[in-house]
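Hi there,

Here is the structure I promised to pass on. Please open it first, and then read my notes below.

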Amino acid sequence: MSTTLHNSSTQEVVAELLRRPAFVMVSHVKPDGDTLGAGLALGIALKRMGKRVAYFQQDPVPRNLRFLPDAQFVSREIPGDFPPDTLFVFCDMSDPARAGEFLPTFTRENALDIDHHLGNLHFGAFNYVIDSECSTGTCVVRLLREMGVQIDQEIATCLLTTIMTDTGGFMHSNTTPEVLELSADLMRRGADKELITQEIFGNKRLAAMKLLGEVLAVATFTHDGRYAYSHVDDAMFARTGADGEDTEDMVNTLLYIEGVEVASLFKAYDGEIRVSLRSTGRVNVQAAAKRLGGGGHFRASGLTHVGDLPSAISAVHDALVAEGL
Ligand code: AMP
Ligand code: MN
Ligand code: MN
């Protein structure tokens, strides 16, 4: 059952989009194709309607997302002359803190929260949170349809990127017949599926593959092989030449190992430990992450741990066990 608590209707959100003259599309730290693609799709559509649009993202655009239309305009700066009633549109985050500490202060009345995560805080004056949607981009599709926006090639490419990112290239269980139909429609409108596949999934650096080798070499398997976990640290980056961007979907490789039901990857670099959790569907990793201050989806979640690696491993283990591992 999808969360509709305190949600704004499609019509209310569209009325607000039409009313406002300027927008800051906000994506989350460690951006992925959904948070960025959703903001770019809506931003491009609003620009075509004569609105002013800026794209705020604390982190630089990852190498594998630079092909997205308008990605060159994404920045940490917001133009100084934007009006006071500029609407901040948060894409793909349950908590505005996920935008990072460099986001300028904003007020609730100027916040629209578009998302598909479980447990979204509904932090905006306008909240458009549909947890049955496969991506934040497909929430945006609903708005574009209501606005009567023509989905052109650029918008279609951004939207198909959100879908392919969050369905793992149409592999995850959120790939419904409706998602495939929408994807077909986006391809007919010019979305370049080949390009998206190549850029997002088929462009791994050799250093990333070497890092993956190290991650697999030190992986630990417990609970009769149902739980797999491993870590990445600065020493591994130094040996392989890889960096944080290269760790993006490594946790999925752990999950793809025969017999594994739950996988965790502990990313211990940049002075913090970020944990990515994945499940094949029996254990709710969103609930486990929430116990430790994180969040996400039933089968894909994350959190940031304060403390050292052994304490992170132990805390995550306990949270997973509490959720039925
Ligand atoms: P990741 O493992 O980084 O790909 O994240 C998996 C899912 O968990 C995504 O939907 C994220 O938005 C969510 N997530 C990751 N880290 C956090 C966090 N610290 N707090 C809340 N949600 C998170
Ligand atoms: Mn995301
Ligand atoms: Mn998403």
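**What I found**

Leu143 is buried, at 0% relative accessibility (buried means under 20% relative accessible area, exposed over 50%, and partly exposed in between, with a 1.4 Å probe and protein chains only). Its place is in helix H3, residues 136–147; helices (H or I, at least four residues) and strands (E, at least two) are DSSP runs, numbered from the N terminus. Leaving aside residues up to four places away in sequence, Leu143 touches Thr10, Val13, Val14, Leu17, Ile114 and Tyr128, where contact means heavy atoms within 4.5 Å.

Before the rest, a word on conventions. This is a predicted model, in which local features need pLDDT of at least 70 and side-chain atom pairs count only at pLDDT 80 or more, while totals for chains, interfaces and linings use all residues. Residues are numbered from 1 along each chain as its sequence is written, chains are lettered from A and ligands numbered from 1 in the order in which they are written, and side-chain values use heavy atoms, with hydrogens and water left out.

**The two manganese ions**

Which residues hold the manganese ion (ligand 2)? Its protein donors are His28 (NE2), Asp32 (OD) and Asp92 (OD), at 2.0 to 2.3 Å. Donors here are N, O and S atoms within 2.8 Å of the metal (3.2 Å for Na, K and Ca), and because water is not among the atoms, sites may look incomplete. The sequence spacing of these donor residues is H-x3-D-x59-D. Asp32 sits in the loop between strand S1 (22–26) and helix H2 (33–48), and Asp92 in the loop between strand S4 (87–91) and strand S5 (111–115), so this pair ties together parts that are 60 residues apart in sequence. Asp32 is buried, with a relative accessible area of 17%, and Asp92 is buried too, at 3%.

The manganese ion (ligand 3) is coordinated by Asp34 (OD), Asp92 (OD), His116 (NE2) and Asp166 (OD), at 2.1 to 2.3 Å. In sequence, the spacing of those donor residues reads D-x57-D-x23-H-x49-D. Here the pair Asp34, in helix H2, and Asp92, in the loop between S4 and S5, links distant parts of the chain, 58 residues apart. Asp34 counts as buried, with 0% relative accessibility.

Asp92 bridges the manganese ion (ligand 3) and the manganese ion (ligand 2), which lie 4.0 Å apart. If you want to check angles, the ideal values at a metal are 109.5 degrees for four tetrahedral donors, and 90 or 180 degrees for six octahedral ones.

**The chain as a whole**

The chain contains eleven helices and twelve strands. Its radius of gyration is 19 Å, which agrees with the value near 20 Å that a compact globule of 325 residues would have; the radius is taken over C-alpha atoms, and the globule rule is 2.2 Å times the number of residues to the power 0.38. Along the principal axes, the C-alpha atoms fill a box of roughly 55 × 40 × 40 Å. Of the 325 residues, 53% are buried. Among contacts with a separation of 6 or more, 64% are between residues 24 or more positions apart.

**A few single residues**

Most residues other than glycine have a negative phi. His122 has a positive phi, near 50°; His122 lies in the loop between S5 and strand S6 (126–129) and is buried at 7% relative accessibility. His223 also has a positive phi, of about 50°. Its place is the loop between strand S7 (220–222) and strand S8 (227–233), and His223 counts as partly exposed at 24%.

Finally, Arg52 is in strand S2, residues 52–56, and counts as partly exposed at 36% relative accessibility. Not counting residues up to four places away in sequence, Arg52 touches Pro21, Ala22, Phe23, Pro79, Asp81 and Phe82. Arg52 and Arg20 are 32 residues apart in sequence, with their C-alpha atoms 9.4 Å apart in space.

Best wishes
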